[in-house]
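Open the structure in your viewer and keep the selection tool at hand. This tour goes from stop to stop.

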Amino acid sequence: MNAQCIMLCSGKGGTGKSTVSVLLGASLARLGHKVLLIELDSGLRSVDIIAGVYGRTVYDIEDVLCGRCEGGKAIVSSPLYTGLSVISAPYEGGEVLAAPLARLVTAMRPYFDFILLDTAAGMGAPFTAADRIADKALLVLTPDPVALRDGKIVADRLLASAREQSAVRLVMNRVTRESFGKRAAVADLDECIDTVGAQLLAVIPESKPLQLAGANGSVPPAADPAVIAGQAMAKRLCGQRVPLTY
Ligand SMILES: Nc1ncnc2c1ncn2[C@@H]1O[C@H](COP(=O)(O)OP(=O)(O)OP(=O)(O)O)[C@@H](O)[C@H]1O
Ligand SMILES: [Mg+2]
C-alpha cells in the first residue's frame, strides 16, 4: 500500500468538511480500502463524534505532532465503519506543525490506501500543513456566494503550490432543489464550477438523516441520497465513471 493523501478544505467555516470527510472515509472503506482520517481542527473537534470514536481516544494528533506518542498509538478504529480509522484533534488547540505532519503521513502511507486530512476553516496552520503534504485537495463548499468566493481564494492558493489543476476538485455540499435558479443567489452548478475554477467531483444533497447521524455518532441509512452520493464520490476518486445525480 502507498496511501494517497487527500485534504478537505473550504475557506468558509461550517460547509461540511468534517461530515464529508467521514462520509468519504466510510464510503472508501466500504469499497474495501483502508482509510486513515486525521482531524486537524484543534479545539473544535467533531470527527470523533461523527465517526463514533468519541470517548475511545487516549492520544490525539497534537500528542503525535509534539512527539508525546507514536502515530500508531493515536489511531482508533471507527466502531461504525469497518476499515475507517481516525486520529482525533485535541480538545484544546495547539498549532498544527507542518514538518511533523508530513513525517506522520509519510510513515503511515504504507499501511493505508487513503489518508484524509480534515482541515479547519480558513488558510491557517492546519491548511498550510495539509497543503504541504496532500496529493489532492477537495474543496467542500455550500451553494452560496460567500462560500464560493472564499473557495476561489483557497483554490488559487492550492494551485499555486505546484499542483496540477486536476488535483483540486470541488464537492458541492448541502444542495437542495432551492439552491439554484432565478430566485436563488446562485444560478446553477456551472456557476459554482466557474466561480471556484475547479472540476466537480460530487454533489452531496442536504440530508437531515446525515446531520442527525453525525450529531448522534450513528450510521446514516444506506438508502439516504447523501450516502448514495458519498459512494459515488468515493468511486469517482478511485477512477470509476459514475454519473452525477442531484
Ligand atoms: N449534506 C448535509 N446535509 C445536512 N447537514 C449537513 C450536511 N453536511 C454538513 N451538515 C451539517 O452542517 C453542520 C456543519 O458541518 P461540519 O461540522 O461537517 O462542517 P465543517 O466544515 O467541518 O465545519 P468547521 O469549519 O467548523 O470545521 C453540521 O451540523 C452538519 O451536520
Ligand atoms: Mg470541521
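Select ligand 1. The space that ligand 1 takes up is the largest pocket. Keep in mind that this is a predicted model.

Now colour the elements around it. Three of them give two or more residues to the shell around ligand 1: helix H1 (17-30), strand S7 (168-175) and helix H9 (208-216). Which element gives the most to this shell? Helix H1 does, with three residues.

Next, show the residues around ligand 1. There are 16 of them. Those that come nearest are Lys17, Ser18, Thr19, Arg174 and Ser207.

Zoom in on the side chains, one at a time.

- Lys17: an N or O atom of this side chain is 2.7 Å from an oxygen atom of ligand 1.
- Arg174: here an N or O atom of the side chain lies 2.9 Å from an oxygen atom of ligand 1.
- Asp41: a polar atom in this side chain is 3.1 Å from an oxygen atom of ligand 1.

How much of the accessible area of ligand 1 does the protein cover? On its own, ligand 1 has 630 Å² of accessible area, and the protein covers 81% of that.

Lys34 lies over the face of the Phe112 ring, 5.2 Å from the ring centre.

Last stop: the aromatic rings. How many aromatic pairs does the structure hold? The count is zero.

Methods. Residues numbered from 1 in each chain as written. Chains lettered and ligands numbered in written order. Predicted model: local features only at pLDDT ≥ 70, side-chain atom pairs only at ≥ 80, totals over all residues. Heavy atoms only, no water. Phe/Tyr/Trp six-rings, centres within 6.5 Å; stacked < 30°, edge-to-face > 60°. Lys NZ or Arg CZ within 6 Å of the ring centre and 35° of its normal. Near = heavy atom within 4 Å. Polar contact = N/O pair within 3.5 Å; in protein donor to acceptor, adjacent residues only side chain to side chain. Areas by Shrake-Rupley, 256 points an atom, 1.4 Å probe, with all protein chains shown as cover. 1 Å grid on protein atoms, 1.4 Å probe; cavity = no way out; pocket = protein on both sides within 12 Å on 5 of 7 lines; lining within 4 Å. Sits in = over half its atoms within 2 Å of the grid points. Helix = DSSP H or I, 4+ residues; strand = E, 2+ residues; numbered from the N terminus.
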